[in-house]
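Dear colleague,

I am passing on to you the structure we spoke about, with the sequence alongside.

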Amino acid sequence: MTSTQQNIGQSGADGLAALVGGASNFSRKAQEIAGELTKISEKNVGAGVNAAERLRSAKTLQDVTTIQIDLMKDAYETMSTHSRKIAEITASTPSELAKSYLDVFSALSAAGSEFAQKATEMTGSMGEKASSAVQQMGGQATNAARQNAKTTGNGARA
């Protein structure tokens, strides 16, 4: 395998690695969001169980109202805290994905540029070799024609 093929293969591998890394990063972000949603559910279930136990021992309507207000307040605070975390995770995801795809594009672009450069060099080299071969063959044909003319001319004199 030539150095050019290895370099192009490496650039392609780098691009693929960046793409897979971007997908892996996206997966990790989705897991973080799922974790935050799980925490919200756990806290809300725990707060609901706690409120139910407190409601069993409530003696007055004022106690029931206070317990329900506390439950709503806890649910709101839990939702606000975790929603902010989810928003932060979500906000960073597009820029990270864009960077991953930019890395892929850059790697493939570099590979394409290198390939084009090598192809240009090879084409120039092959053109020079072909030109040299044509000149050499032309020289050989001229020499053969001169030799033939001498031989034919000498044969006619004899």
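The notes below go from the chain as a whole to single residues and pairs.

Please keep in mind that this is a predicted model, in which local features need pLDDT of at least 70 and side-chain atom pairs count only at pLDDT 80 or more, while totals for chains, interfaces and linings use all residues. Residues are numbered from 1 along each chain as its sequence is written, and side-chain values use heavy atoms, with hydrogens and water left out.

The chain as a whole

The protein chain has two helices and zero strands, where helices (H or I, at least four residues) and strands (E, at least two) are DSSP runs numbered from the N terminus. Helix α1 covers residues 3-56, and helix α2 covers residues 61-157. Of the 158 residues in the protein chain, 14% are buried; here buried means under 20% relative accessible area, exposed means over 50%, and partly exposed lies in between, with a 1.4 Å probe and protein chains only. The protein chain exposes about 11500 Å², and carbon and sulfur atoms supply 61% of that area, with accessible areas taken from the Shrake-Rupley method with a 1.4 Å probe and, for residues, only the protein chains shown counted as cover. Among the contacts in the protein chain with a separation of 6 or more, 83% are between residues 24 or more positions apart, a contact being heavy atoms within 4.5 Å.

Salt bridges

A search of the whole structure finds three salt bridges, each defined as a side-chain nitrogen of Lys or Arg within 4 Å of a carboxyl oxygen of Asp or Glu. In one of them, the side chains of Glu 32 and Arg 28 meet at 2.6 Å, N to O. These two residues are four apart in helix α1, and so Glu 32 and Arg 28 are separated by about one helical turn. Glu 32 is partly exposed at a relative accessible area of 28%, and Arg 28 is partly exposed at 39%.

Another salt bridge joins the side chains of Lys 39 and Glu 36, at 3.6 Å from N to O. Lys 39 and Glu 36 are three residues apart in helix α1, which again means about one helical turn between them. Lys 39 counts as partly exposed, with 39% relative accessibility, whereas Glu 36 is buried, with a relative accessible area of 8%.

There is also a salt bridge between the side chains of Asp 70 and Arg 54, at 3.2 Å from N to O. This pair links distant parts of the chain, with Asp 70 in helix α2 and Arg 54 in helix α1, 16 residues apart. Asp 70 is partly exposed at 27% relative accessibility, and Arg 54 is partly exposed at 32%.

Single residues

Ala 51 lies in helix α1 and counts as buried, at 6% relative accessibility. Leaving aside residues up to four places away in sequence, Ala 51 touches Ile 67 and Leu 71. Ala 51 and Asp 70 are 19 residues apart in sequence, and their C-alpha atoms are 8.3 Å apart in space.

Thr 78 is placed in helix α2 and is buried, with a relative accessible area of 13%. When residues up to four places away in sequence are not counted, Thr 78 touches Ile 40, Lys 43 and Asn 44.

Thr 151 is also in helix α2, but Thr 151 is partly exposed, with a relative accessible area of 48%. The side chain of Thr 151 reaches the backbone oxygen of Gln 147 at 2.8 Å.

Notes: A polar contact is a pair of N or O atoms within 3.5 Å; within protein, one must be able to donate a hydrogen and the other to accept it, and residues adjacent in sequence count only if both atoms are side-chain atoms.
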